[in-house]
Amino acid sequence: MSRNHLAGSASAYLAAAAHQPVHWYPWGDEAFAEARARDCPVLLDIGAVWCHWCHVMDRESYESEALATFLNQHFVCIKVDRDERPDVDARYQRAVQAMSGQGGWPLTALLTADGQAFFGGTYFPPANMHGRPGFRTVLDSVLDAWRTRRDQVHAQAATLTRLVTEHLDESAAGPVASSRLAEASASMLRLFDPEFGGFGRQPKFPHPAALRFLLARWHESDDPQLRDVVERTLDAMALGGIHDQLGGGFHRYSVDARWVVPHFEKMSYDNSELLRIYTEAFLAFGDNRFAEVARGIVRWVRETLAQEGGGYGASQDADVGLDDDGDYFTWTRAEAEAVLSGAELEVAAAHWDIGTAGEMQHDPSRNVLFVAEAPGSIGRRMQMTEDQVRELLDSAGDKLRAARSRRIAPAVDPTRYTSWNAMLASAMLLAGIALDDAPARDHALATLRRIRAEAREPDAVSHSPSQDQGWLEDAIQTADAALTAFELTGEAAWLDWAEALAERAWDEHEDPVDGALFDTRSDPDATGLLAARGKPSQDAPTPSANGVAGIVAFRLAHVTGDAKWEKRGRRLVEAFGAGLASASIHGATLLLAADWVLSPVAQLVIVGADDDETASAMRLTAWRAWRPRRVIRRLAPDEQLRGVPPELEAMLAHAAGGPASYLCVGTSCRPPARTVEEWEATLRR
């Protein structure tokens with residue numbers, strides 16, 4: 001039975017708290033009206049269904065009858081799902097970071113009745129411990145300040161509101177110069193960990209956009225150091241425990257520098273961007289190791305997130321219960337012995353480091369599976385061929401997967417967040433072509449059709465099917481995915497939708513002064529910090545909406561031939577130009593957009609009827625010949641041209657019959673290729 005206002009919530013995180021004795025409200029006018037009527041402060045809790053410490057704080061504090069009675073008497077309590085309300089999370093994270101120097105989840109903020117933050121932190125233990133104040137101690141202190149020093153409370157709130165408003169604007173106008181991209185690249189190289197790969201020490205996040213940027217820089221310069229950073233990082237992550245060695249896909253981040261012990265939740269947005277970089281690395285380097293990792297991500301998405309009729313769930317939790325920490329994904333030696341033969345156990349234990357002493361603090365017998373020894377090394381040591389070792393590893397992996405499937409799996413949040421679905425659909429389209437996986441491609445197209453069918457208006461999308469509003473990220477990521485669908489299928493409806501979404505995004509979100517895009521639409525009457533509008537430049541945690549918007553604008557410019565998109569894209573990137581040099585790993589998507597300003601764009605145009613086998617093979621070849629800043633076009637014979645360079649337009653006007661393919665880079669076009677072999681040679685050059 002519900003004891004608060006969260007029953008019936010579409011959010012799995014909020015619905016799970018409906019039984020708690022705290023009189024929770026969802027974010028909205030009703031809660032703040034209650035706070036004004038009672039003249040009491042607001043407790044804001046922001047978390048997520050996949051967040052381990054959110055569940056811990058729920059159990060320790062919010063499910064305590066005694067503490068709930070205290071909270072209900074002295075506060076109005078609001079619970080927010082950060083995945084459902086990224087606008088709320090972004091603003092109150094900034095406020096708490098300004099106060100405490102750190103953010104994260106659970107986020108605990110204390111607000112005035114008009115929604116202004118005046119105190120906050122993250123996780124608070126139920127009692128004073130480990131140098132951290134207990135939650136009740138914090139609440140008592142807040143109440144004392146509210147009752148006896150109200151003027152200081154409001155002064156603190158005003159200061160934080162000013163700081164948040166200033167910091168949400170991440171733009172810094174300046175010219176877009178190649179030197180700034182070079183400085184950003186150098187900064188990434190300085191952060192590179194030469195011992196274990198990745199950037200920084202610990203905790204370690206994958207930063208796939210930074211790897212994509214370095215891959216693009218390598219393509220232009222052929223600098224072996226750039227290639228080395230990309231390859232070593234992708235290899236290290238693939239071999240580590242952050243990569244689910246049995247089930248495929250990646251956990252959110254690693255708590256150690258070696259990529260061994262992860263936080264076990266799996267996010268759709270992380271895996272979409274990792275799928276993209278592993279697929280691009282496979283196409284760029286021709287290394288099948290990266291293709292195998294990409295196939296594993298696709299398999300996990302298909303088995304865990306994909307929904308019938310299109311759509312993907314949002315995330316998979318780390319834990320089944322509060323007393324475990326990734327137990328579904330980890331193994332004791334005894335558990336492995338119970339399902340493997342002696343020979344299988346011997347090679348599996350060596351390969352995945354399944355020992356009697358594991359890596360998990362809550363249960364030292366539990367092992368995170370990571371690649372500790374290569375099959376060739378195991379074979380030499382055990383006097384077997386490498387093929388024999390791999391055969392044993394394949395059978396051991398099958399048995400461990402089967403045994404794991406009989407465990408209770410961590411819950412999956414089935415919510416279809418539009419921006420995340422669009423990101424994953426776009427990555428699955430690329431992977432479907434690169435890996436010859438038609439079901440992945442077809443499901444991605446079905447996902448985009450479902451988003452379009454459920455859109456609240458023809459040129460607008462909501463954040464999820466249960467919400468009335470969407471944000472810049474939703475519109476821009478969907479436009480980007482629709483452009484990819486257009487390139488893949490040649491269907492004009494995808495292009496029309498992409499352009500309509502982008503047009504409205506610029507209408508509703510553009511700063512008319514400097515050209516950057518705000519993350520939300522203007523709403524001066526919004527509650528609390530929501531009245532402040534942000535201009536995101538950082539990939540935190542999803543790709544910068546402004547960075548993606550810049551890329552979308554340039555793609556539209558080259559597909560439609562409409563100069564306004566080139567102008568909009570350049571103006572947007574210039575709004576962040578002064579900060580490009582220092583953007584580094586956290587601003588890589590914006591750097592990728594700047595690359596479209598500074599470097600020539602490749603147009604790959606295939607002319608031929610839909611049922612022409614040669615033209616179809618040429619299109620497939622174009623998709624599998626990776627290069628940054630490319631636009632792929634499939635034109636039917638005598639089709640009306642849009643957006644092709646004048647040089648190519650002249651060539652097409654005098655083209656002979658039959659299928660042909662054309663490559664133009666900037667204003668330079670190669671002679672037409674009439675066979676698949678000629679086309680492959682053209683793309684190699």
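**Entry 1: helix pair**

I looked up the crossing of helix 18 and helix 20 and noted that it is left-handed (the near helix is turned anticlockwise from the far one by less than a right angle; clockwise would be right-handed). I record that this is a predicted model, in which local features need pLDDT of at least 70, side-chain atom pairs count only at pLDDT 80 or more, and totals for chains, interfaces and linings use all residues. Residues are numbered from 1 along each chain as its sequence is written, and side-chain values use heavy atoms, with hydrogens and water left out.

From helix 18, Leu 445, Leu 448, Arg 449, Ile 451 and Arg 452 meet Ala 493, Trp 494 and Trp 497 of helix 20 (contact means heavy atoms within 4.5 Å). I classed the residues of this contact as six nonpolar, no polar and two charged (Ala, Val, Leu, Ile, Met, Phe, Trp, Tyr, Cys and Pro are nonpolar; Asp, Glu, Lys and Arg are charged; the others, Gly among them, are polar).

**Entry 2: Thr 108**

I located Thr 108 in strand 4, residues 107-111. Thr 108 is buried, at a relative accessible area of 0% (buried is under 20%, exposed over 50%, partly exposed in between, with a 1.4 Å probe and protein chains only). Its side chain reaches the backbone oxygen of Thr 122 at 2.8 Å. Beyond neighbours within four places in sequence, I listed contacts of Thr 108 including Leu 43, Met 57, Tyr 62, Phe 119 and Phe 135.

**Entry 3: backbone geometry**

I noted a cis peptide bond between Trp 105 and Pro 106, with omega about 0°. Pro 106 is in the loop between helix 5 and strand 4. A cis peptide bond also joins Ala 540 and Pro 541, with omega about -5°.

His 207, not a glycine, has a positive phi of about 55°, and at 17% relative accessibility I count His 207 as buried. For Arg 629 I read a positive phi near 50°; Arg 629 is buried at 7% and lies in the loop between helix 24 and strand 12.

Methods:
Helices (H or I, at least four residues) and strands (E, at least two) are DSSP runs, numbered from the N terminus. A polar contact is a pair of N or O atoms within 3.5 Å; within protein, one must be able to donate a hydrogen and the other to accept it, and residues adjacent in sequence count only if both atoms are side-chain atoms.
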